Amino acid sequence: MQVTRHCAVTYRIYPDKAQAGLIDRTIGCARLVYNLMLETRIDTYNRTGKSCNPTPAQYKDEYPFLREVDSLALCNAQLNVAKAYNNFFRDPKHVGFPKYKAKHRSAWRYTTNNNNRNIRLIEGGRYLKLPKVGVMRARQHKTIPDDWKLKSATVEHLKSGGYTATILFEYETQAPEPVRPVHIVGLDYASHGLYVSSDGEQADYPRFYRQMEPRLMREQRRLSHMVKGSGNWVKQKRRIAKLAAKVRNQRADFLHKTANRLAARYDCVGVEDLDMKDMSQSLALGKSTMDNGYGMFRTMLAYKLERQGKQLVTVDRFYPSSQLCSDCGYRNKDTKNLYIREWTCPDCGVWHDRDVNAATNIMHETRRLVQE
Ligand SMILES: [Zn+2]
């Protein structure tokens with residue numbers, strides 16, 4: 001069976017001065033149109049109680065410069081407003097109402113789609129052609145197979161300086177043979193180390209953000225003494241953005257490697273269904289939950305397993321993984337207290353490490369679910 005897959009590849013790009021100016025203007029226009037459409041939606045709703053779906057075209061008379069930039073970038077802004085609304089209505093408890101995009105808060109980027117090869121890699125990716133902007137030098141070491149279809153490009157002006165284009169490819173491939181789940185592992189979420197597995201393994205997560213924090217704070221303090229908008233201020237902003245990008249890269253790299261290792265070693269991985277937002281808001285876990293990127297880790301695990309015909313199984317949120325004795329199944333409600341790190345089963349007398357026991361229960365439950 002054939003399946004369709006997607007792959008995003010980021011190229012460093014080197015626009016000349018005029019091209020960089022046009023890219024920046026397109027980013028600005030996409031942001032403006034996003035904000036205008038959001039405003040129209042809110043206004044219309046307040047006046048009439050009805051929803052509406054404004055298009056970029058209706059602002060072009062009032063803001064004629066919108067005609068000068070890539071119109072597909074504006075169409076994608078329209079899709080993004082719709083997406084923000086959908087996300088909000090799907091889960092209003094966790095997703096905030098769509099917000100206006102502020103220049104200094106939101107990322108500087110726009111997305112455009114490939115139509116009749118108006119986005120094109122030239123000479124195996126040494127050059128990239130973007131609609132309206134034209135041809136510029138590009139750099140990326142990945143070789144793209146000939147049968148991959150180029151779908152879209154997201155052009156970003158990095159806050160740390162420079163430009164990138166992330167190209168989304170689509171390709172067809174043979175679906176992997178489903179693997180019969182023999183080697184199953186359960187993972188118990190650990191805020192300080194990513195996870196503990198039913199095999200007793202801990203992911204030794206280096207807390208990248210915590211490590212960088214003193215330096216980031218020092219640089220932030222320096223920034224606060226500078227004149228806003230001055231040359232030094234801009235330079236300092238860039239330095240801070242670079243440090244933040246470094247933390248993000250280190251974390252993503254670590255999560256990729258850890259997920260690859262698990263996906264190679266096991267046929268099936270069981271995890272808890274956690275509400276990451278609830279967790280990071282609870283005071284005790286706060287920063288470390290945000291730091292270790294468990295949500296990103298689960299997403300990576302899911303697709304890395306899937307590509308090998310394996311699966312990630314999510315155990316129900318209400319499954320009492322930390323209360324059950326993984327040896328005899330006795331339910332010990334005392335363990336609801338998070339400070340109990342180890343306990344002895346009152347029924348069968350087996351000693352348990354809290355996390356390994358929970359991971360073992362998740363593994364048992366996963367086995368039950370896949371055998372169903
Ligand atoms: Zn027991």
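Predicted model: local features only at pLDDT ≥ 70, side-chain atom pairs only at ≥ 80, totals over all residues.

Student: How many helices and strands does the chain have?
Tutor: The chain has 8 helices and 13 strands. Helices are DSSP runs of H or I with at least four residues, strands are runs of E with at least two, and numbering starts at the N terminus.

Student: What box do the C-alpha atoms fill?
Tutor: Roughly 75 × 55 × 50 Å, along the principal axes.

Student: And what share of the residues is buried?
Tutor: Buried residues are 44% of the 372 in the chain. Buried means under 20% relative accessible area, exposed means over 50%, and partly exposed is in between, with a 1.4 Å probe and protein chains only.

Student: Which domains are assigned?
Tutor: Domain 1 is 2-174, and domain 2 is 184-206 + 248-371. These bounds come from an automatic or database domain assignment. The two domain centres, taken over C-alpha atoms, are 36 Å apart.

Student: What does UniProt say about residues 8-50?
Tutor: The unreviewed entry annotates them as "domain: Transposase putative helix-turn-helix". UniProt positions are in the numbering used here, feature names are shortened, and annotations may be inferred rather than shown by experiment. In the model, residues 8-50 are 74% helix and 16% strand, with 38 Å between the end C-alpha atoms.

Student: Now the packing. Which residues touch the most other members of the largest nonpolar core?
Tutor: Tyr 11, Ile 13, Tyr 110, Leu 128, Leu 130 and Phe 169, out of 42 residues. A nonpolar core is a set of buried Ala, Val, Leu, Ile, Met, Phe, Trp, Tyr and Cys residues joined through side-chain atoms within 4.5 Å.

Student: Which elements give two or more residues to this core?
Tutor: They are β1 (2-14), α1 (17-48), α2 (71-90), β4 (127-130), β5 (134-139), β6 (149-157) and β7 (163-174). The largest share, 11 residues, comes from α1. Another core lies apart from this one, with 29 residues, including Ala 203, Leu 255, Ala 259 and Leu 305.

Student: Back to Leu 128. What is it in contact with, beyond four places in sequence?
Tutor: Its partners there are Ile 13, Ile 119, Arg 120, Leu 121, Gly 134, Val 135, Met 136, Ala 138, Ala 165 and Ile 167. Contact means heavy atoms within 4.5 Å.

Student: Is Lys 132 buried or exposed?
Tutor: Exposed, because its relative accessibility is 52%. Arg 117 is exposed too, at 53%.

Student: Switching to the metal. What coordinates the zinc ion?
Tutor: The SG atoms of Cys 325, Cys 328, Cys 345 and Cys 348, at 2.2 to 2.4 Å. Donors are N, O and S atoms within 2.8 Å of the metal (3.2 Å for Na, K and Ca); water is not among the atoms, so sites may look incomplete. Along the chain, the spacing is C-x2-C-x16-C-x2-C.

Student: What does the pair Cys 325 and Cys 345 tie together?
Tutor: Cys 325 is in the loop between β11 (311-315) and β12 (342-344), and Cys 345 is in the loop between β12 and β13 (351-353), so the pair ties together parts 20 residues apart in sequence. Cys 325 counts as buried because its relative accessibility is 1%. Cys 345 is buried at 3%.

Student: Why is the arrangement around the zinc ion tetrahedral?
Tutor: Because the 4 donor atoms subtend angles of 107 to 111°. Four donors count as tetrahedral if all angles lie between 85 and 135 degrees.

Student: What about Asp 334: buried or exposed?
Tutor: Exposed, with a relative accessible area of 56%. Asp 334 is in the loop between β11 and β12. Its C-alpha atom is 7.7 Å from that of Gln 323, 11 residues apart along the chain.

Key
Residues numbered from 1 in each chain as written. Heavy atoms only, no water. Tetrahedral: all angles 85-135°; square planar, octahedral: opposite > 155°, others 65-115°.
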